[in-house]
Amino acid sequence: MVIVVLYFLAYFAFSFLTKTLGRGSPGPVLVLASLITCLGVWVVGLGVEAGWRWWRLRDGETTRRRPGGSDDHSLIQRTLPHLFRRDVVIVAVMSAIIIVSSTSAYALPGVSLLVPLLLMKGGPNIWAPLIDWLNGSAVTTRARIVFGLALVAIVGALWSKVSVTASVAVTAAVGWAALYMLAYFPKLKIMARYRGDLVFLIADMTTTLLIALPAVVALVWIKYGAGGLWQSMQLLGDYRVWAMGAASEGAGLFGGLVFLAKTESTLSVPINRCSSLLGGTAATLALWWLDGGTLLGWAGRNVPELIGVIAMLAALVIG
């Protein structure tokens, strides 16, 4: 429960700050700045963990394992040999796509945060029963109900937003969300084989940054030239970008721990999606309130999206 609450808080901060900063910066430029801060936060986090473990050993604190066991080494030492394993690289590539697509979708101006949010948080629920079936687990009646409600949530999100005459921004948001959903299937399929393996999660998060950062640098250079790179560097002077990077890494860590829980995907995936959906919805309402709106006013203007949220919450409670 502590991990789920921390994931909710991290995702609230990430989605709120991404939408706020996206009002003044192009998506790819913001993604690059965010990844740089993510790398900085991650390096500091691993360094603190290594320093804490070194301090324990320096003071003569012993572990219950035999000398030379995993408890005697920092996460960095235990993770390095696994950084470029086949499964780690595949999951890291998918994670990089997920980071870029989610940040880009949330940063689009003029699009409700809930449109990409419901697609991206509802979609992966659909993969959960399929993954359990492929792994030889029975697909229960509960899983089928969750599957159906997830479809209702997706339709609710798109009902009044996507049409032949939909704006370019909405179409782009749906495109990013679709890419996000597709990337989640191979990621969840592989992660289901590493339940309870913290080293795999740390290796995935580290390799993700090593892959995503140069890829986004190339993207910004191609699309915006040196000016885009310089704009990303300027964003690093904004403390909100660093808070966004910390929230992004927190969401990756706590959300990954939920995925790696030692239970079937039909339970772990909905719990993960519920936490982030609630965080994103809370961010949407906070932004609406800061712009002078009211809760009743938002509900009246976004009935299909509200139905989608209710359907997804029902799916996640059942799941």
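A: Helices here are DSSP runs of H or I with at least four residues, strands are E runs of at least two, and both are numbered from the N terminus. Read along the sequence, the chain then gives α-α-α-α-α-α-α-α-α-α-α-α-α. That is 13 helices and zero strands. The model is predicted: local features need pLDDT of at least 70, side-chain atom pairs count only at pLDDT 80 or more, and totals for chains, interfaces and linings use all residues. Residues are numbered from 1 along each chain as its sequence is written, and side-chain values use heavy atoms, with hydrogens and water left out.

The chain has 319 residues, and 49% of them count as buried. Buried means under 20% relative accessible area, exposed over 50%, and partly exposed in between (1.4 Å probe, protein chains only). Take contacts, with heavy atoms within 4.5 Å, between residues at least 6 apart in sequence: 86% join residues at least 24 apart.

Now the cavities. A cavity is a set of points on a 1 Å grid over the protein atoms alone where a 1.4 Å probe fits but cannot get out; lining residues have an atom within 4 Å of a point. Volume is the space filled by probe spheres set on the points, which are joined across faces, edges and corners. Searching the whole structure gives four cavities of 30 Å³ or more.

The largest cavity has a volume of about 390 Å³. Its lining counts 26 residues, and Ile99, Lys187, Ser248, Ala251 and Gly252 are the closest to the centre. H10 supplies the largest share, with seven residues. By class, 13 lining residues are nonpolar, eight polar and five charged. The classes: Ala, Val, Leu, Ile, Met, Phe, Trp, Tyr, Cys and Pro are nonpolar; Asp, Glu, Lys and Arg are charged; the others, Gly among them, are polar.

The second largest cavity comes to about 40 Å³. Leu188, Met191, Ala192, Arg195, Phe259, Ser265, Ser268 and Val269 line it. H7 and H11 each give two or more residues to this lining. H11 has the largest share here, three residues. Five of the lining residues are nonpolar, two polar and one charged.

An open space can be set beside these. A pocket is an open set of grid points with protein on both sides within 12 Å along at least five of seven lines. The second largest pocket holds about 210 Å³. Of its 14 lining residues, Trp42, Gly45, Glu49, Leu75 and Leu253 are the closest to the centre. Helix H2 (27-58), helix H3 (75-79), H8 and H10 each give two or more residues to this lining. H2 leads with seven residues. The classes split into eight nonpolar, two polar and four charged.

Leucine 6 sits in H1 (residues 2-21). At 34% relative accessibility, leucine 6 is partly exposed. Its C-alpha atom is 6.8 Å from that of phenylalanine 254, 248 residues apart along the chain. Serine 275 lies in H11. With a relative accessible area of 4%, serine 275 is buried. Leaving out residues up to four places away in sequence, serine 275 touches Val4, Tyr7 and Phe8.

Charged pairs come last. Side chains of opposite charge can pair when their charged atoms come close. A salt bridge puts a side-chain nitrogen of Lys or Arg within 4 Å of a carboxyl oxygen of Asp or Glu. The whole structure has three. Arginine 193 and aspartate 87 meet at 3.1 Å, N to O. This pair links distant parts of the chain: arginine 193 is in the loop between H7 and H8, aspartate 87 is in helix H4, and they are 106 residues apart. Arginine 86 also bridges to aspartate 87, at 3.2 Å between the closest N and O atoms. Aspartate 87 is buried, at 10%. Arginine 86 is exposed, at 63%, while arginine 193 is partly exposed, at 46%. Shared partners join Arg86, Asp87 and Arg193 into one network. Aspartate 238 and arginine 240 form another salt bridge, at 2.8 Å. Arginine 240 is partly exposed, with a relative accessible area of 29%.
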